[in-house]
Amino acid sequence: MKNRIFSGMLVAMMTAGMIGTAQGGAVLAKATEVPETEALIGGDPATWAPEEFDSAEALSKEAGFCIYDLNDLPFSPEETVYQYLRSGVAEIIYQGTGTQKIRLRKAEGEEDISGDYIKYEQVSESSLCGIKITVKENADGCHLVMWSDEANTWVLSFTEGVEEKEAFRLFTDVMHTEFLPESKGEKD
């Protein structure tokens with residue numbers, strides 16, 4: 001009886017397009033037809049697509065708050081993208097070779113703006129001088145540092161894990177330029 005019910009459910013799911021067969025006969029989940037993104041979000045894609053800028057200064061003007069370039073990246077970026085996401089997030093992406101990428105995000109408020117929903121092996125949270133800090137790591141290193149004060153949230157994310165000390169060096173760089181912007185570019 002149980003086999004009949006299961007078989008009936010499987011046939012119904014296949015008929016509805018919810019299950020597909022991959023090469024070799026393995027059964028895999030397959031998404032049903034997804035409504036067009038435009039219908040889900042509403043409006044013309046040009047109104048919700050990220051808007052790109054040519055500098056951190058131009059991005060800051062659009063965002064209504066300052067976001068600064070990172071100093072002394074652990075690699076030489078092949079490309080730097082400055083963009084404003086319509087959700088109110090300013091983002092700078094430093095693209096290295098291959099998949100090597102560092103992403104800096106900033107937004108007003110204290111919400112999670114990381115866009116990163118990966119389950120990490122280690123997640124630690126702490127507080128320093130009223131700033132809440134979250135660090136997410138795997139065996140290959142640190143992949144995300146997120147912090148917020150009462151007004152803003154920042155995120156540093158790394159496609160390839162970096163040593164924790166490197167992540168915190170970049171965190172310190174951001175904090176230094178955020179709270180002492182007149183010293184931007186100066187070295188201690």
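A polar contact is a pair of N or O atoms within 3.5 Å; within protein, one atom must be able to donate a hydrogen and the other to accept it. Such a pair occurs at Ser-60, where a polar atom of the side chain lies 2.9 Å from the backbone nitrogen of Ile-67. The model is predicted. Its protein chain holds five helices and 10 strands, and buried residues make up 37% of the 188 residues.

**Whole chain**

- The accessible surface of the protein chain comes to about 11,900 Å². Carbon and sulfur atoms account for 53% of that surface.
- Among the contacts in the chain with a separation of 6 or more, 43% are between residues 24 or more positions apart.
- The structure holds seven salt bridges.

**Helix α4 and its surroundings**

- Helix α4 spans residues 56–63, and its buried residues are Ala-56, Leu-59, Ser-60 and Ala-63. Viewed down the axis of α4, these buried residues fall within an arc of 100°, so they line one face of the helix.
- An α-helix has 3.6 residues a turn, so residues three or four places apart point the same way.
- Glu-57 and Lys-61 are exposed and sit on the face of α4 turned away from its buried side.
- The cover over the buried residues of α4 includes strands β3 (51–53), β4 (79–85) and β5 (89–95).
- After α4 comes Gly-64, which has a positive phi, near 85°.

**Ser-60**

- Ser-60 belongs to helix α4. Ser-60 has a relative accessible area of 11%, and the cut-off for buried is under 20%, so Ser-60 counts as buried.
- Leaving aside neighbours within four places in sequence, Ser-60 is in contact with Phe-65, Cys-66 and Ile-67.

**Salt bridges**

- Glu-62 and Arg-86 meet through their side chains in a salt bridge, 3.5 Å from N to O. This pair links distant parts of the chain, with Glu-62 in helix α4 and Arg-86 in the loop between β4 and β5, 24 residues apart.
- Glu-62 is partly exposed, at a relative accessible area of 34%. Arg-86 is also partly exposed, with 37% relative accessibility.
- A network of salt bridges links Glu-51, Glu-62 and Arg-86.
- The side chains of Glu-91 and Arg-103 form a salt bridge at 2.9 Å, N to O. Here too distant parts of the chain are linked: Glu-91 is in strand β5 and Arg-103 is in strand β6 (residues 101–108), 12 residues apart.
- Glu-91 is buried, with a relative accessible area of 1%, whereas Arg-103 is partly exposed at 21% relative accessibility.
- Lys-106 forms a salt bridge with Glu-178, and the closest N and O atoms are 2.8 Å apart. Because Glu-178 lies in helix α5 (residues 164–179) and Lys-106 in strand β6, the pair ties together parts that are 72 residues apart in sequence.
- Glu-178 and Lys-106 are both buried.

**The β7–β8 hairpin**

- Strands β7 (residues 122–128) and β8 (residues 131–138) pair in the antiparallel sense over seven bridges. Within this pairing, Ser-127 has Lys-132 of β8 as its bridge partner.
- β7 and β8 form a hairpin with two residues between them. Cys-129 is in the turn.

**Positive phi outside glycine**

- Cys-129 has a positive phi of about 55° although it is not a glycine. This residue lies in the loop between β7 and β8, and it is exposed, with a relative accessible area of 77%.
- Asp-72 is not a glycine either, yet its phi is positive, about 50°. Asp-72 is in the loop between α4 and β4. At 46% relative accessibility, Asp-72 counts as partly exposed.

Definitions and conventions:
Residues are numbered from 1 along each chain as its sequence is written. This is a predicted model: local features need pLDDT of at least 70, side-chain atom pairs count only at pLDDT 80 or more; totals for chains, interfaces and linings use all residues. Side-chain values use heavy atoms; hydrogens and water are left out. Buried means under 20% relative accessible area, exposed over 50%, partly exposed in between (1.4 Å probe, protein chains only). Helices (H or I, at least four residues) and strands (E, at least two) are DSSP runs, numbered from the N terminus. The arc is that of the directions from the helix axis to the C-beta atoms. Contact means heavy atoms within 4.5 Å. Accessible areas come from the Shrake-Rupley method with a 1.4 Å probe; for residues, only the protein chains shown count as cover. A salt bridge is a side-chain nitrogen of Lys or Arg within 4 Å of a carboxyl oxygen of Asp or Glu. Two strands pair if DSSP finds at least two bridges between them.
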